[in-house]
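Welcome! Keep the structure open beside you as you read.

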Amino acid sequence: MAKKNHETDVVFIEALAKLLQENDLTELEVMRDYGENDSLNVRVSRAKEVVQQIAAPVAAAPAAVAAAPAAAAPAAEASAASDDPASHPGAVPSPMVGTAYLQPEPGAPSFVSVGDTVSEGQTVLIVEAMKTMNQIPAPRAGKVTRILVEDGSPVEFGAPLMIIE
């Protein structure tokens, strides 16, 4: 009754994750049956909706800033961005739980640094999840103003990774 290790399962799961991303799917579930008392159930999912909900509260912020005097508006905007980077309109959220890496391999230069200009779709960092390196693309073109994670640090789903303005 002991479960057997199937080396091909790892390759199979990685292929499912790639399929999910390439076909812009939100969830994929597969069951493999190897025989009596031996099967593999895999569910791979990602939640795009939460990323949009994180950005939703930003719409209320301009009303508060507009009510302030013109001279105080930049200061209020800067303090709001520094208080909660997740509410910043240029925040790049983590699409998954994992470990963030700012460079492709140890000793290599970082993908981006503060002050760099990036184009939409350019890889800005990697999040490792379940032994899979997931390249995180820039959601928009702009200038990297803040990097909010350290190389090798754990990240949560939806956590802001950097700010691109």
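The points below cover the nonpolar cores, one arginine and a sheet.

Please keep in mind that this is a predicted model.

**Nonpolar cores**
- The largest nonpolar core has 16 residues, and those touching the most other members are Val124, Leu125, Met162 and Ile164.
- Two elements each give two or more residues to this core: strand 6 (123–129) and strand 10 (160–164).
- Another core, of seven residues, lies apart from it; Phe12, Leu28, Val42 and Val44 are among its members.
- Leaving out residues up to four places away in sequence, Met162 touches several residues, including Gly90, Val112, Val144 and Leu148.

**A look at Arg140**
- You can find Arg140 in the loop that sits between strand 7 (132–137) and strand 8 (142–147).
- Arg140 has a relative accessibility of 30%, so it counts as partly exposed.
- Its side chain reaches the backbone oxygen of Gly90 at 3.5 Å.
- Beyond its neighbours within four places in sequence, Arg140 is in contact with residues including Pro89, Ala91, Glu120 and Ile164.
- Gln122 is 18 residues from Arg140 in sequence, and their C-alpha atoms are 8.9 Å apart in space.

- Four strands form an open sheet in the order 7-6-4-9, with antiparallel pairing.
- Strand 7 and strand 9 (153–155) are the edge strands, each pairing on one side only.
- From one strand to the next, the twist averages 40°.
- Three bridges join strand 4 (residues 98–101) to strand 9 in the antiparallel sense, and Gly98 stands opposite Val155 in strand 9.

How values were computed: Residues are numbered from 1 along each chain as its sequence is written. This is a predicted model: local features need pLDDT of at least 70, side-chain atom pairs count only at pLDDT 80 or more; totals for chains, interfaces and linings use all residues. Side-chain values use heavy atoms; hydrogens and water are left out. A nonpolar core is a set of buried Ala, Val, Leu, Ile, Met, Phe, Trp, Tyr and Cys residues joined through side-chain atoms within 4.5 Å. Buried means under 20% relative accessible area, exposed over 50%, partly exposed in between (1.4 Å probe, protein chains only). Contact means heavy atoms within 4.5 Å. A polar contact is a pair of N or O atoms within 3.5 Å; within protein, one must be able to donate a hydrogen and the other to accept it, and residues adjacent in sequence count only if both atoms are side-chain atoms. Two strands pair if DSSP finds at least two bridges between them. Axes are lines fitted to C-alpha atoms, for helices over the stretch in contact, and angles run from 0 to 180 degrees between N-to-C directions.
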